[in-house]
Amino acid sequence: MRHTFIDKYSHLDSPVHRLDPRVKIIASLAAIIIITTEPVSGRLLNLCLYSAITLSATVLCRIPAVYLLKRMLIVSPFILMAALFYPVSVMDTREVPFISNWRPLAEAGLSVFLKASLALLILILLSTTERFHRLLMALRRLKVPAIVTTISALLYRYIFLLADEMLRTARARESRTPGVLRRGRLKVYGNQVAVIFLRSWERSQVIYKSMLSRGFAGEFPDMQEMRLRSSDIVLSLLFVALLLLIKFFI
Amino acid sequence: MPAGIKIEDLSFSYSPGRRVLKSVSLEIGPGEKFGIIGPSGSGKSTLLLHLNGVLEGETGSVTIGNIPVTGKNLPEVRRLVGLVFQNPDDQLFNPTVEEDVAFGPLNFGLPAADVRARVMAALAMMNLSGFEREISHHLSLGERKRVALATVLSMKPEVLAFDEPFSNLDPSMVMQLMEIMGSMVSTQVIVSQSVLPVIAICNRMAILKDGEIVAVGEPRTLAKDHVLMKASGLDLSLYRTLCRDL
């Protein structure tokens with residue numbers, strides 16, 4: 001079975017791809033903080049400028065727009081819900097009727113939508129332009145605890161095997177289910193989940209033994225060197241400075 | 001000259017009162033290809049895990065070359081003994097082939113240039129040159145098995161311990177793997193239920209039943225002892241009949 005990896009376009013060549021992953025992580029985090037800390041009202045122009053900059057970076061990355069849209073669509077229902085319900089949650093129905101005061105509320109909803117979408121797009125760009133393993137290595141060098149990066153690396157590696165096992169157990173169930181599963185449906189699904197859990201647990205034991213047998217001492221070793229170039233720092237500082245300029249001077 | 005193995009009076013249980021290995025003693029010479037056969041649950045894989053110090057016996061001892069397998073010697077023991085697991089998916093936990101093959105040498109603190117050279121050499125030995133950037137679990141089972149072997153070969157072990165190397169392989173892949181194993185000069189311990197390849201490749205073989213060694217000897221001689229094989233849960237009469245018919 002073939003799976004889609006979140007870093008499937010990390011092999012492309014672009015100025016964003018070439019940036020050191022540590023710089024990319026820090027710049028992305030800074031951008032997300034700058035954008036999401038904007039007030040929800042009266043800052044639409046700023047948000048539009050942020051969008052223009054982020055979209056320019058997206059174009060630079062050369063990642064197919066359809067792929068980015070598909071990934072954004074996965075989370076978009078949650079963003080839409082937040083954008084729709086935020087105005088309702090802050091609306092004071094006792095004083096001003098909704099109809100006469102719709103403009104600031106719509107603006108607030110749009111702000112929430114734009115802020116969340118931009119933050120999501122930045123995260124997608126970060127994970128798409130760098131191999132997941134390198135991102136974890138970069139996080140490790142940024143002093144994120146080894147336990148977090150090791151668990152993430154193993155999760156990313158084995159989630160696909162778990163998906164395969166789920167598929168196999170589902171096929172086994174279906175092959176012995178003539179027609180529709182009529183009785184005890186929940187019990188059957190429950191058993192299937194339990195079997196997958198047990199298999200995963202057993203597999204984790206064997207994998208750990210296999211790691212130990214090859215000298216594992218608690219941390220994934222890294223063969224690839226990370227070289228911080230001055231151009232990486234200049235580019236990311238420019239990106240963040242531009243966002244700060246918009247935030248504080250426009 | 002690769003290291004030999006000495007196992008003396010080794011006993012082990014996963015839970016109290018249920019012994020998986022019972023006073024196992026074996027001596028495997030340097031460079032020998034030694035098979036351990038036995039039915040499911042006889043303790044073959046458990047015995048193999050003791051060679052590398054992944055499991056520690058309750059009684060008895062394991063010595064690799066002159067080095068006893070004990071806590072303080074584990075880094076050296078793991079450098080000497082490479083374990084190849086039955087399921088390659090249990091052994092390939094890095095995103096790419098290159099990273100998986102480099103995992104062992106990097107853990108031993110070798111410089112990146114040496115590691116890279118070892119990775120290339122191990123992959124070339126397995127006819128996998130050019131597979132460095134491939135995603136391990138997108139490969140076929142036969143390729144994954146060869147990558148799993150490369151992950152161990154890159155550590156340049158003196159002892160290679162194989163757990164069911166022939167399982168789930170088609171006959172041509174079994175032949176291919178047997179050729180690779182035959183060409184290697186390291187001491188080899190092959191644990192398998194596939195009796196025929198073990199008979200073909202090994203100099204000596206032991207039969208393990210219910211955690212005890214019931215016989216050690218020349219593979220063909222042992223395999224011809226129908227009573228012993230049947231009593232050990234390894235009845236080969238079907239194979240004999242089929243071989244005659246074919």
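The following legends describe close-up views of a predicted model.

**View 1. Domain division of chain A.**
Chain A comprises domain 1, spanning 15–130 + 226–249, and domain 2, spanning 145–213. Taken over C-alpha atoms, the centres of domain 1 of chain A and domain 2 of chain A are separated by 36 Å.

**View 2. Packing of helices α2(A) and α5(A).**
Helix α2 (residues 21–36) of chain A packs against helix α5 (residues 102–128) of chain A at an angle of about 175°, and their axes lie 9 Å apart. Because angles over 145 degrees count as roughly antiparallel, α2(A) is described as roughly antiparallel to α5(A). On the α2(A) side, the contact is formed by A:Lys24, A:Ile25, A:Ser28, A:Ala31, A:Ile32, A:Ile35 and A:Thr36. The α5(A) side contributes A:Lys115, A:Leu118, A:Ala119, A:Ile122, A:Leu123 and A:Leu126. By class, the residues of this contact comprise nine nonpolar, two polar and two charged.

**View 3. Packing of helices α3(A) and α9(A).**
Helix α3 (residues 44–61) of chain A and helix α9 (residues 230–249) of chain A cross at roughly 170°, with axes that come within 10 Å. This angle makes α3(A) roughly antiparallel to α9(A). Residues A:Asn46, A:Leu49, A:Tyr50 and A:Ile53 of α3(A) meet A:Leu242, A:Leu243, A:Ile246 and A:Lys247 of α9(A). Six nonpolar residues, one polar and one charged make up the contact of α3(A) with α9(A).

**View 4. Contact between chain A and chain B.**
In this interface, 22 residues of chain A are in contact with 25 residues of chain B. On the side of chain A that touches chain B, the elements giving two or more residues are α6 (132–141), α7 (146–175) and α8 (185–213) of chain A. Helix α8(A) gives the most to this side, with eight residues. The side of chain A that touches chain B divides into 12 nonpolar, four polar and six charged residues.

**View 5. The open sheet of chain B.**
Four strands of chain B form an open sheet with antiparallel pairing, in the order β2-β1-β4-β5. Strands β2 (18–28) and β5 (67–68) of chain B stand at the edges with a single partner strand each, so one side of each is left without a neighbour in the sheet. Strand β1 (residues 5–15) of chain B pairs with β2(B) in the antiparallel sense over seven bridges. Within β2(B), B:Leu21 is the bridge partner of B:Phe12.

Technical notes: Residues numbered from 1 in each chain as written. Chains lettered and ligands numbered in written order. Predicted model: local features only at pLDDT ≥ 70, side-chain atom pairs only at ≥ 80, totals over all residues. Axes fitted to C-alpha atoms, helices over the stretch in contact; angles between N-to-C directions. Parallel < 35°, antiparallel > 145°, perpendicular 65-115°, else oblique. Contact = placed C-beta atoms within 7 Å. Nonpolar A, V, L, I, M, F, W, Y, C, P; charged D, E, K, R; others polar. Domains from an automatic or database assignment. Pairing = 2+ DSSP bridges.
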